[in-house]
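Here is a walk through one protein chain. Keep the structure in view and follow it stop by stop.

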Amino acid sequence: MSNILVFTELHDGHVKHVTLEILGKLSGQSVDVAVIGDLSNDQIAELAKYGAQNVHKLKGAQLDKYSPEGYANALTNFIKTKSYDYVFAGATSMGKDLLPRLATKFDAGLASDVVNFTFENGTFAGTRPLFAGKCLAKVELNGPKPHFISIRPNALGMTTTPTSGSGAAHDVSVDAGTIRAMIKEIVKAASTKVDLTEANIIITGGRAMKNAENFKILDQMADVIGATVGASRAAVDSGFAPHSMQVGQTGKTVAPSLYIACGVSGAIQHLAGMRTSKVIVAINSDPDAPIFTKADYGIVGDLFQIVPIMTEEFKKLLGR
Ligand SMILES: Cc1cc2nc3c(=O)[nH]c(=O)nc-3n(C[C@H](O)[C@H](O)[C@H](O)COP(=O)(O)OP(=O)(O)OC[C@H]3O[C@@H](n4cnc5c(N)ncnc54)[C@H](O)[C@@H]3O)c2cc1C
């Protein structure tokens with residue numbers, strides 16, 4: 001059995017979903033969780049339900065906002081007081097920034113953007129996509145421990161039967177050290193919608209949307225059913241939507257309960273980012289569009305006619 005630390009990132013005070021995916025997959029190992037900041041008793045109980053033995057809440061001056069150096073220094077100091085074999089985190093924007101810094105500080109190996117892994121005899125072996133998903137590389141880590149691993153959100157999926165841990169909470173004082181580059185302000189996108197990677201329902205627009213203005217019809221349906229709007233790369237490259245909305249191999253990997261693809265052909269690089277959605281609905285005017293081979297429900301027709309009809313029907317059904 002390996003000694004493992006999972007660093008959990010907070011997003012507006014919420015534990016990122018990827019943390020629970022990682023914990024579920026690590027069932028059977030001895031796993032602690034570290035957070036920079038505070039967690040409620042309910043959050044600690046949920047982490048324990050997914051297997052956390054100890055939950056370390058790291059606190060110190062200059063750690064109220066993310067700073068690459070401050071977080072790396074604080075975590076390095078904490079990890080040095082323990083004997084972890086592996087340190088996991090989500091391959092989120094923060095995880096992608098933080099883990100290479102930590103690996104460098106420990107002169108240790110890093111497996112980044114891992115989409116699956118096993119632990120055989122306590123040894124990690126993972127897979128990660130290369131060349132925009134054209135192939136999968138097997139990764140093993142050698143050399144000094146701890147080894148560092150970042151996990152692509154929504155790639156592992158949620159385990160249905162997690163093994164629970166004791167969830168003992170500890171407040172730990174840490175030193176952020178010298179910080180030369182501070183993030184002074186984070187300006188949030190105007191959207192109040194749930195982030196794509198955490199969304200339960202997603203409506204995606206493809207190149208067929210024709211322009212940014214037309215995305216309004218997707219926004220209108222999203223408001224009615226509580227969805228987040230995404231975009232294909234063709235829509236993003238055409239300037240209809242920002243890259244933060246892109247679903248797919250070079251965008252976000254998502255796994256909502258319901259994914260509604262509007263005017264998306266279903267290219268392999270798009271499917272790579274959404275194929276694990278529970279229910280897929282495709283609206284496409286071409287009956288031979290590849291998206292229909294992955295869809296649970298397909299509607300052949302013009303999205304500009306179908307989407308407004310669906311929105312009205314959802315309104316009636318949901319009384320909105
Ligand atoms: C290295 C690499 C990485 C990539 N990464 C990504 C990625 O992360 N995400 C991604 O999405 N793509 C990615 N791509 C691009 C991908 O190969 C496709 O080009 C892209 O997904 C196509 O987007 P689309 O389906 O919106 O457009 P198209 O392929 O042009 O499809 C548009 C669809 O809309 C339908 N349509 C047209 N008008 C209507 C209408 N009025 N009503 C209904 N349907 C209509 C058409 O029948 C067609 O099926 C990547 C490509 C490469 C090479």
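Start with the shell of residues around the ligand. It divides into 11 nonpolar, 14 polar and 4 charged residues. The model is a predicted one. Of the 29 residues around the ligand, Gly206, Ser232, Arg233, Ala234 and Gly248 come nearest. Some elements give two or more residues to this shell: α6 (233-237), α7 (268-274), β16 (279-284) and α9 (303-318).

Now step back to the whole chain.

Helix α4 covers residues 93-105, 13 residues in total. From its first C-alpha to its last it reaches 19 Å, close to the 18 Å expected at 1.5 Å a residue. Which residues of α4 are buried? They are Gly95, Leu98, Leu99, Leu102 and Ala103. These residues lie on the same side of α4, because they cover an arc of only 130 degrees around the axis. What do they pack against? Their partners are the helix α3 (68-80) and the strands β6 (86-90), β7 (110-114) and β11 (147-151). Just after α4 comes Asp107, which takes a positive phi of about 50 degrees.

Helix α5 runs over residues 216-225, and its buried residues include Ile217, Leu218, Met221 and Ala222. Seen down the axis of α5, the buried residues fall within an arc of 140 degrees, so they line one face of the helix. They pack against the strands β13 (201-205), β14 (228-231) and β15 (258-262), and against α9. Recall that α9 is also among the elements that give two or more residues to the shell around the ligand. Just after α5, Gly226 takes a positive phi of about 70 degrees.

Ser67 sits in the loop between β5 (52-59) and α3. Is Ser67 buried or partly exposed? With 19 other C-beta atoms within 10 Å, Ser67 is partly exposed, because a buried residue needs 20 or more. Leaving aside neighbours within four places in sequence, Ser67 is in contact with Ile179, Ala181, Met182 and Ile183. Phe131 is 64 residues from Ser67 in sequence, and the two are 30 Å apart in space, C-alpha to C-alpha.

The other loop residue is Thr197, found between β12 (168-173) and β13. Thr197 has 22 other C-beta atoms within 10 Å, so it is buried.

Terms used: Residues numbered from 1 in each chain as written. Predicted model: local features only at pLDDT ≥ 70, side-chain atom pairs only at ≥ 80, totals over all residues. Helix = DSSP H or I, 4+ residues; strand = E, 2+ residues; numbered from the N terminus. Expected span 1.5 Å × (residues − 1). Buried ≥ 20, exposed ≤ 12 C-beta atoms within 10 Å, placed from the backbone. Arc of directions from axis to C-beta. Contact = placed C-beta atoms within 7 Å. Near = placed C-beta within 6 Å. Nonpolar A, V, L, I, M, F, W, Y, C, P; charged D, E, K, R; others polar.
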